[in-house]
Amino acid sequence: MRFDLLTLLVLRLCVDLLVAAAFLAQSRRHPNVGGPGWWALAALLSALGSVGLGLRTQAPDWFSIGVANTALAAGVVFSWLGLRSYLGFRPPLRRSLAGLLALWGVNVLLFTVWDSVPARQSVFSLVSMGVGALTLLDIDRFDTQRRFRELRALRYLTWLEFVCLAAFGVAIWFMPAGTSPSRLSSLVPALLLIFMIDILLRMVIYTSLVTLRLQQDGDRTRQALQVREADSRTLIENLSAGVMVFRPDQTLSSINSAARRFLGWEEGGANPALPLPTRSGWRMLREDGQPMRRPEMPFERVLATGQAVRDVVLGMPVGDGGDVRWALCNAYPENDAHGGLRHVVLTFVDISSLKAAQARQKTLQAQLAQSQKMEALGTLAGGVAHDFNNILAAILGNADLARQDLAPFAPARESLHEISTAARRGRELVRQIMAFSRRQPMVRTPVYLGDVLTESCSLLRAALPPQIELVQSCARDIRPILADATQLGQVLLNLGTNAIHAMQGQSGLIEFLVDELPGNHPDLPAELAQACAGGAVRVRVRDNGCGMDEATRSRMFEPFFTTKAVGSGTGLGLPVALGIVQSLGGAIDVQTAVGQGTSISLFFPVCASMVTVPRSIGRNMPSSPDEDGTMSRPGAPAAPDPMETPTMADALPTDQRHILYLDDDDTLVFLVRRLLERRGHKVTAFTEQREVIEAVRENPGGFDLLLTDYNMPGMSGLDVAKAVLAINPALPVAVASGYITDDLQAEAMAAGVREVVFKTDAVESFCEVVARLATPRATPEGASPP
């Protein structure tokens with residue numbers, strides 16, 4: 001079979017162009033893969049060589065032979081450069097171009113100087129063999145373990161080319177002399193066919209190499225993606241924040257451990273076999289605790305708008321116990337490459353502890369506001385009580401003086417008696433105000449609550465409607481508490497009176513229960529845990545009356561707040577009880593509901609040590625409760641007026657004392673002077689502190705007793721006492737105040753004051769104080785009495 005040279009050249013040209021187009025397309029599709037661009041250029045150079053060989057008869061010989069041979073050799077060189085680029089080696093482009101230029105010069109010399117066909121073919125063979133040897137070296141350098149089949153095939157093909165070129169280069173020199181050029185030309189088509197088959201084989205191998213590289217890159221990408229996904233799953237699984245991924249049909253795709261713990265589900269981690277609860281049965285709560293409507297849910301908002309939802313506070317009921325866990329939730333859509341919704345991702349942080357802390361903070365803020373309000377009201381009440389004390393003292397004292405000036409059966413004595421009775425009722429109201437403001441003096445002694453309860457219930461039964469049953473119960477061996485028995489009785493009477501009013505005229509039951517609790521009892525309030533470590537005595541006052549709603553419950557201890565009709569209550573019963581209990585180091589707990597009655601529990605710490613306590617306290621108890629728990633009842637018979645018997649004339653002292661009295665209130669100064677002078681004492685009274693000090697300085701031994709008010713503008717009573725005692729340390733000093741505290745008593749004792757008198761009772765007890773503290777003066781030798 002004979003091959004037509006021109007046909008083979010055209011066929012090779014087409015093959016070269018197809019190979020160039022294929023590799024050019026690959027280089028553009030996969031720019032990260034080195035090699036296809038070089039191989040496309042090698043195919044174009046091979047096509048240029050084919051054109052040069054085809055134009056041997058029409059083109060100049062220097063072009064058809066020199067350029068064609070050089071282009072064919074350049075195709076081989078650029079194919080090797082492409083392989084180096086594919087293998088990751090640096091292509092020696094400059095040296096290759098310099099070698100090709102030298103090869104073109106050699107071909108031109110072999111044509112013009114020494115026109116030898118074997119020489120030109122040998123040069124081409126040597127160049128191709130050299131490039132083949134470099135190709136084998138690069139393959140062995142890259143694939144030392146011969147793992148890739150494509151490179152092994154390329155190695156075999158290169159060795160085959162190497163052998164064929166060596167054989168051709170040697171054979172052409174041993175052809176018989178005189179061989180005609182036509183005989184040599186007959187070998188060219190066979191060589192072209194062999195080289196065309198070689199080009200096709202190389203294209204297949206190079207394409208396989210490109211495919212191998214793409215597969216390797218894909219494997220590496222998949223491995224990296226798998227590693228990132230594993231890292232992401234591990235990260236998400238170990239996050240403290242909950243992550244939930246929903247499908248658009250509202251089914252749950254995945255959930256991490258934090259979300260499971262938050263929702264109270266079984267820990268499953270990334271276990272796909274664990275069943276996931278459906279979202280349809282979930283209930284979500286708004287921040288105000290109300291059920292969240294479906295359009296408000298983060299998932300639905302993302303589905304509706306396609307936009308992310310941020311910082312939504314929601315609650316999730318957990319279990320059947322009514323517990324609610326709170327979360328700060330964010331939701332965002334996860335779309336595919338075409339913009340379609342794949343998933344809705346919900347992330348949330350458990351803020352249950354924060355919500356609990358905020359609730360505690362609100363409670364503390366409410367308690368602080370209530371405490372500040374009570375403190376302000378206490379301060380106001382204390383100030384009012386101070387001025388009211390002076391007014392009541394003047395009323396009581398002057399009424400007594402007026403009664404003493406009347407005949408025994410004068411009609412005006414009854415009116416004066418009513419004035420005194422009303423004033424004493426006002427004084428009891430002042431006592432309640434002082435108890436509320438915690439400024440009432442208190443002498444704490446060991447008291448058995450059972451005894452106080454017995455006396456209080458006896459008084460309550462006198463005012464108890466017949467349809468109400470009163471039950472009292474006291475456990476055995478109750479230890480005493482440190483308290484003021486009178487004030488404890490006042491507390492129990494106030495609570496009992498309120499329980500009677502809660503019956504609203506209906507039949508019912510009121511219970512007073514006293515028992516003792518150990519220090520670790522769960523019913524003890526937390527604020528008493530330390531104070532009641534040794535145990536606590538509990539008093540419970542229970543009724544089955546109307547009860548209270550939350551609005552009334554929150555205001556029940558506010559001063560002057562009452563639910564009774566106008567004129568039926570002062571609104572001070574419970575505030576006074578709270579003030580007394582807290583001043584004793586105790587606490588009050590209230591349990592109530594509308595229509596279910598009320599239970600009020602009082603807790604008091606027991607005495608630290610056992611003491612012997614008198615078991616009778618009736619002489620300390622108030623007479624009877626009024627309608628709001630005060631210590632006297634309107635309409636009850638008036639108690640005998642202690643100012644009527646004995647009369648002032650019967651009580652005149654045998655020795656006259658000189659009393660120095662100081663008060664900033666002119667009314668009290670006038671009153672005390674008249675009272676003491678009727679007792680036969682000499683009274684020097686002042687309203688200015690400096691005048692008292694000057695009077696003592698002028699006559700240090702001229703006074704038997706100094707009575708002074710404590711709360712005065714400028715210098716206080718203690719300041720005056722210190723100044724006077726600095727002049728005459730032997731002078732007895734008594735201070736009267738409506739604000740007696742432990743600090744005041746300690747300061748008075750340190751200043752040398754003999755006695756601190758409670759000002760509410762000061763007018764009635766001044767004569768007793770004078771008789772007790774004022775002693776006759778020892779007249780200095782040579783001096784005359786004043």
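Tutor: Gladly! The largest cavity has a volume of about 90 Å³, and the residues closest to its centre include Met 244, Leu 314 and Phe 348. This is a predicted model, where local features need pLDDT of at least 70, side-chain atom pairs count only at pLDDT 80 or more, and totals for chains, interfaces and linings use all residues. Residues are numbered from 1 along each chain as its sequence is written, and side-chain values use heavy atoms, leaving out hydrogens and water.

Student: What makes a set of points a cavity?

Tutor: On a 1 Å grid over the protein atoms alone, a cavity is a set of points where a 1.4 Å probe fits but cannot get out, and its lining residues have an atom within 4 Å of a point. The volume is the space filled by probe spheres set on the points, which are joined across faces, edges and corners. The whole structure holds 3 cavities of 30 Å³ or more.

Student: What classes of residue make up the lining of the largest cavity?

Tutor: The lining has 11 nonpolar residues, with no polar and no charged ones. Here Ala, Val, Leu, Ile, Met, Phe, Trp, Tyr, Cys and Pro count as nonpolar, Asp, Glu, Lys and Arg as charged, and the others, Gly among them, as polar.

Student: Why is the contact of Arg 84 with Asp 138 called a salt bridge?

Tutor: The term asks for a side-chain nitrogen of Lys or Arg within 4 Å of a carboxyl oxygen of Asp or Glu. The closest N and O atoms of Arg 84 and Asp 138 are 2.9 Å apart, so the pair meets that limit. Arg 84 lies in helix α3 and Asp 138 in helix α5, so the pair ties together parts that are 54 residues apart in sequence.

Student: How do you know whether Arg 84 is buried or exposed?

Tutor: Buried means under 20% relative accessible area, exposed over 50%, and partly exposed in between, with a 1.4 Å probe and protein chains only. Arg 84 has 12%, so it is buried. Asp 138 is at 5% and therefore counts as buried too.

Student: What about Glu 694 and Arg 697: how far apart are they in helix α18?

Tutor: They are 3 residues apart, which means about one helical turn separates them. Their side chains meet in a salt bridge at 2.8 Å, N to O.

Technical notes. 1 Å grid on protein atoms, 1.4 Å probe; cavity = no way out; pocket = protein on both sides within 12 Å on 5 of 7 lines; lining within 4 Å. Helix = DSSP H or I, 4+ residues; strand = E, 2+ residues; numbered from the N terminus.
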